[in-house]
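Thank you all for coming. I would like to walk you through one structure today, taking each term slowly as we reach it.

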Amino acid sequence: MRFLIAALFLCCVAAYDPLDPNGNITIKWDIMSWTPDGYVAVVTMSNFQMYRHIMSPGWTMGWTWAKKEVIWTMVGAQTTEQGDCSKFKGNIPHCCKKNPTVVDLLPGVPYNQQFSNCCKGGVLSSWGQDPQAAVSAFQVSVGQAGTSNKTVKVPKNFTLLGPGPGYTCGPAKVVPPTNFLTTDRRRKTQALMTWNVTCTYSQFLARKHPSCCVSFSSFYNETITSCPTCACGCENKKKCVKSDSKLLSMVGINTPRKDNTPLLQCTHHMCPVRVHWHVKVNYKDYWRVKVAITNFNYRINYTQWTLVVQHPNLNNVTQVFSFDYKPLVPYESINDTGMFYGMKFYNDLLMEAGPSGNVQSEVLMQKDKNTFTLKQGWAFPRKVYFNGEECMLPPPDTYPFLPNSAHPSRVSISTLFCFVLMFFVVMW
């Protein structure tokens with residue numbers, strides 16, 4: 001019993017993101033009209049997560065019917081299986097499974113199969129990056145379901161893959177019916193019945209290792225603090241590929257797999273993505289940082305990528321040169337978190353591993369003389385997220401340090417040689 005309670009507590013804690021406390025994906029089910037044996041509903045999925053989006057191959061939604069419902073037709077989406085519809089004569093339902101699995105349609109489907117906000121291959125933008133592209137919807141006609149608010153039963157056990165595991169959906173809750181405005185905005189209508197499902201993300205449930213790591217460097221120290229060894233696990237160490245391998249010239253080697261199996265470049269950290277933070281210049285009233293993101297996965301192009309950084313001086317960002325930037329203020333009294341993302345049609349696509357597999361920008365920040373310092377690792381971020389996944393940071397005692405802050409374990413050989421030489425000169 002204690003183990004179960006501990007496991008539930010750990011899952012709940014892991015699902016809470018302090019940098020996006022209200023982030024979730026909400027599934028809204030609006031019954032728009034009744035049919036002789038059921039209803040027609042519009043299902044809308046809204047991604048309210050500020051910096052976590054759903055990449056290709058897109059979302060997959062599922063649920064379990066409460067009774068013996070069937071899906072007669074769908075517009076804007078489809079189920080992956082039809083199931084056993086042998087008892088039906090004449091009209092055959094679109095799906096007869098007790099627990100249907102639904103996916104979005106691909107772009108370019110015929111017009112009569114499309115619905116508003118559909119047909120994007122299941123790709124959803126994050127709310128902070130593009131709210132209009134963070135919505136997906138489809139229409140479903142349900143039979144054998146009851147024809148009134150009292151006889152309709154809410155589906156159970158909603159699931160969401162985005163595209164992999166990590167999302168946990170709560171029970172469907174009946175809420176006040178959704179209101180709609182006509183195109184001329186002079187008349188208001190409402191759904192006959194509405195229920196909501198809230199799904200939250202947990203990195204702990206998605207994978208046992210981080211999917212990115214962070215390295216540091218600075219102008220005031222020649223030491224480069226690299227990503228921790230095996231930061232993302234070393235299970236793929238035997239299957240990794242060296243950057244000069246002839247294997248990379250084979251046709252189709254870069255083709256993505258359905259199970260998202262990576263093909264990683266051999267590194268000591270074995271992460272698909274590395275974020276490098278370089279303290280570049282220190283001016284009188286400003287300081288400049290260079291941020292570089294490198295892709296080590298030969299099978300994935302990261303579209304609509306996002307980078308979230310928590311640092312106390314992000315409250316005074318003066319200019320971001322090659323990325324778009326948006327401050328994130330989850331708590332009104334604290335402004336220390338910001339989201340970087342690619343400029344559209346310029347660097348919003350992080351290419352697969354190789355010569356083009358990186359994007360970079362510089363950030364100019366104004367100093368707050370009451371808080372600014374380059375000592376004790378202050379110049380480096382507290383947390384870094386790539387595509388909504390928290391990256392592993394190096395241990396704090398390995399950060400590049402200022403030369404005037406003596407570090408007993410880091411006296412260079414050249415410095416030691418100078419001291420010895422001076423000693424002999426004085427003695428002579």
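How many bridges join β19 to β25? There are four, and the two strands run antiparallel. Before I go on, please keep in mind that this is a predicted model, in which local features need pLDDT of at least 70 and side-chain atom pairs count only at pLDDT 80 or more, while totals for chains, interfaces and linings use all residues. Residues are numbered from 1 along each chain as its sequence is written, and side-chain values use heavy atoms, with hydrogens and water left out.

Let me stay with the sheet. When I say strand, I mean a DSSP run of E with at least two residues, numbered from the N terminus, and two strands pair if DSSP finds at least two bridges between them. In general, strands of a sheet pair through backbone hydrogen bonds, either parallel or antiparallel. Here, five strands form an open sheet in the order β21-β22-β19-β25-β26, with antiparallel pairing. β21 (323-328) and β26 (389-390) stand at the edges with a single partner strand each, so one side of each has no neighbour in the sheet. Within the pair I began with, Val 308 stands opposite Tyr 385 in β25.

Next comes the nonpolar core, which is a set of buried Ala, Val, Leu, Ile, Met, Phe, Trp, Tyr and Cys residues joined through side-chain atoms within 4.5 Å. Buried means under 20% relative accessible area, exposed means over 50%, and partly exposed lies in between, using a 1.4 Å probe and protein chains only. The largest such core has 35 residues, and those with the most contacts inside it are Trp 277, Trp 287, Trp 305, Leu 307 and Phe 386. At least two residues of this core come from each of β14 (212-218), β16 (273-282), β17 (286-295), β19 (306-310), β24 (358-366) and β25 (383-386). There is also a second, separate core of 34 residues, which includes Ile 27, Trp 29, Ala 41 and Val 197.

What does Trp 277 touch, leaving aside its neighbours within four places in sequence? Taking contact as heavy atoms within 4.5 Å, its partners include Phe 216, Val 289, Val 309, Met 365 and Phe 380.

Is Ser 46 buried or exposed? Ser 46, which is placed in strand β2 (residues 38-47), is buried, because its relative accessible area is 12%. Not counting residues up to four places away in sequence, Ser 46 touches Asn 24, Ile 25, Thr 26, Ala 134 and Val 135.

Finally, some backbone details. Most residues other than glycine have a negative phi, and most peptide bonds are trans. Against that background, the peptide bond from Ser 56 to Pro 57 is cis, with omega near 10°, and Pro 57 sits in the loop between β2 and β3 (60-64). The bond from Gly 162 to Pro 163 is also cis, with omega near -10°, and Pro 163 belongs to the loop between β8 (156-161) and β9 (167-169).

Asn 157, in strand β8, has a positive phi of about 50° although it is not a glycine, and Asn 157 counts as exposed because its relative accessibility is 56%. Phe 345, in the loop between β22 (337-342) and β23 (349-350), has a positive phi of about 65°, and with 77% relative accessibility Phe 345 counts as exposed.
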